[in-house]
Amino acid sequence: MAAWKCCKLKAAWQYGGSLLSRVIASPVTPTSLSLKSSSSSSAACGCHKHVIYPSSGTHRAMSSTSPNGVIDVSLDSKTGVATLTMNKKPVNSMNLEFLTELNIALEKLENDASCRGLIVTSGVSNIFSAGLDILEMYQPKVERLREFWRNVQEMWLLTYGSRLATIAAISGHSPAGGCLISLSCDYRIMAEGPKYTIGLNETKLGIVAPFWFKDTMLNTVGQRHTEYGLQLGKLYSAEEALKIGLVDQLVPETDVMATAHKEMSKWLKIPDMARELTKTSIRKSTIEKLTARRQDDIEYFATMITKDAMQNAMKMYLENLKKPKG
């Protein structure tokens, strides 16, 4: 089957669809997605920016930007550490198009043998990610809603089940889906101080956190903190999050990325196979709970989210957002 041209890839990303079916059915050209080295240039059609930036010494940093410009990926060829930066202003909200591009970027890194570690961060000031875009769930078209949820599942499977050493560098607010991405990483570094919060606050929007959201938090902070946090939809300050183990380290905001790279060097001192197999043995049962019932989970979500009570709760939430703050 002929490979997609870059322009066709952009259209496919924007349309959505199952990540794996797209990747398997239509192999992509190196100019559109590959992070492999080439001379300093960008794709000729301009749809997918792919530029190689020389760095100090003899190694080069490889950089790639997704078609809509919401995901930037750089990979240091010497260290094997990739940085994935979310850049969807104003708050890195996750709609279908964002998730599709994020998942393709994660899949490419997962399959790149030169990549050993991944730092996930934000290029938007004061925010890591505001989580799932509520407009995807409010008065939705059901087929798009199902595809949206399939991509949310895929994002979690790719991060929580990644073979890579993963670190979340959190220099902003991280509610709901933003918290889920953070929890899915192996280590979480957050900016210190009272400025930012983190937590799975879905109940405040009238939404019940799915079982795999719950399991991810449960595996991180334990039963009691999960019960308390999920039922109240609590957003924790950085200090509170550190106290219960929701994050692992607090540093000044200006030091978050440098600390993430320093921490990553510790993880990469461990032989990859030993670390990967240990991680898999710990997370396998949690992952299999979802993979065994993905379609059921999609149908349950679509049914639940379209109920009048859920829609009314989201309507009230959106109306409150429009009210001027006194």
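Two strands are said to pair if DSSP finds at least two bridges between them. In this predicted model, strand β9 (residues 165–170) and strand β11 meet that condition, for they pair in the parallel sense over four bridges.

Strand β11 covers residues 187–191, and five of its five residues are buried. In a regular strand the side chains alternate between the two faces of the sheet. In β11, Tyr187, Ile189 and Ala191 lie on one side, while Arg188 and Met190 lie on the other. Both faces are covered, as the residues on each side are all buried.

In which sense do β3 and β4 run, and how many bridges join them? Strand β3 (residues 71–76) and β4 run antiparallel and are joined by five bridges. Leu75 stands opposite Ala82 of β4. The two strands form a hairpin with four residues between them, and Gly80 in the turn has a positive phi of about 80 degrees. Strand β4 also pairs with β6 (residues 117–122), in the parallel sense and over six bridges. There, Leu84 stands opposite Val120 of β6.

The pairings described so far are collected below.

| Strands | Sense | Bridges |
|---|---|---|
| β9 and β11 | parallel | four bridges |
| β3 and β4 | antiparallel | five bridges |
| β4 and β6 | parallel | six bridges |

## Backbone details

A cis peptide bond joins Lys89 and Pro90, with omega about 10 degrees. Asn92 is placed in the loop between β4 and β5 as well. Asn92 has a positive phi of about 55 degrees, although it is not a glycine.

Asn126 also has a positive phi in a residue other than glycine, with a value near 70 degrees. Asn126 is found in strand β7 (residues 126–127).

Is each of these asparagines buried or partly exposed? Asn92 has 0% relative accessibility and therefore counts as buried, as the limit for that class is under 20%. Asn126 has 37% relative accessibility, so Asn126 counts as partly exposed.

## Helix α5

Helix α5 (residues 142–160) has 19 residues. From its first C-alpha to its last the helix reaches 27 Å, close to the 27 Å expected at 1.5 Å a residue. Because 14 of its 19 residues are buried, α5 is largely enclosed by the rest of the structure.

The largest pocket holds about 510 Å³ of space. Of the 26 residues that line this pocket, Ala130, Leu132, Ala176, Leu205 and Tyr317 are the closest to its centre. Strand β8 (131–132) and helices α6 (176–184) and α13 (308–322) each supply at least two residues of the lining. Helix α13 gives the most, with three residues. By class, the lining of the largest pocket has 18 nonpolar, five polar and three charged residues.

The second largest pocket has a volume of about 280 Å³. Its lining has 13 residues, and those nearest its centre are Cys185, Asp186, Lys279, Ile282 and Arg283. Helices α7 (211–221) and α11 (272–291) each supply at least two residues of this lining, and α11 gives the most, with five residues. The lining of the second largest pocket divides into five nonpolar, three polar and five charged residues.

## Cysteines

A disulfide is a covalent bond between the sulfur atoms of two cysteines. How many disulfides does the structure hold? The structure holds zero disulfides. Cys115 counts as buried because its relative accessibility is 0%. Cys185 has 3% relative accessibility and so counts as buried; Cys185 is also one of the residues nearest the centre of the second largest pocket.

How values were computed:
Residues are numbered from 1 along each chain as its sequence is written. Side-chain values use heavy atoms; hydrogens and water are left out. The expected span of a helix is 1.5 Å times one less than its number of residues. Buried means under 20% relative accessible area, exposed over 50%, partly exposed in between (1.4 Å probe, protein chains only). On a 1 Å grid over the protein atoms alone, a cavity is a set of points where a 1.4 Å probe fits but cannot get out, and a pocket is an open set with protein on both sides within 12 Å along at least five of seven lines; lining residues have an atom within 4 Å of a point. Grid points are joined across faces, edges and corners, and a volume is the space filled by probe spheres set on the points. Ala, Val, Leu, Ile, Met, Phe, Trp, Tyr, Cys and Pro count as nonpolar, Asp, Glu, Lys and Arg as charged, and the others, Gly among them, as polar. A disulfide is a pair of cysteine sulfur atoms within 2.5 Å.
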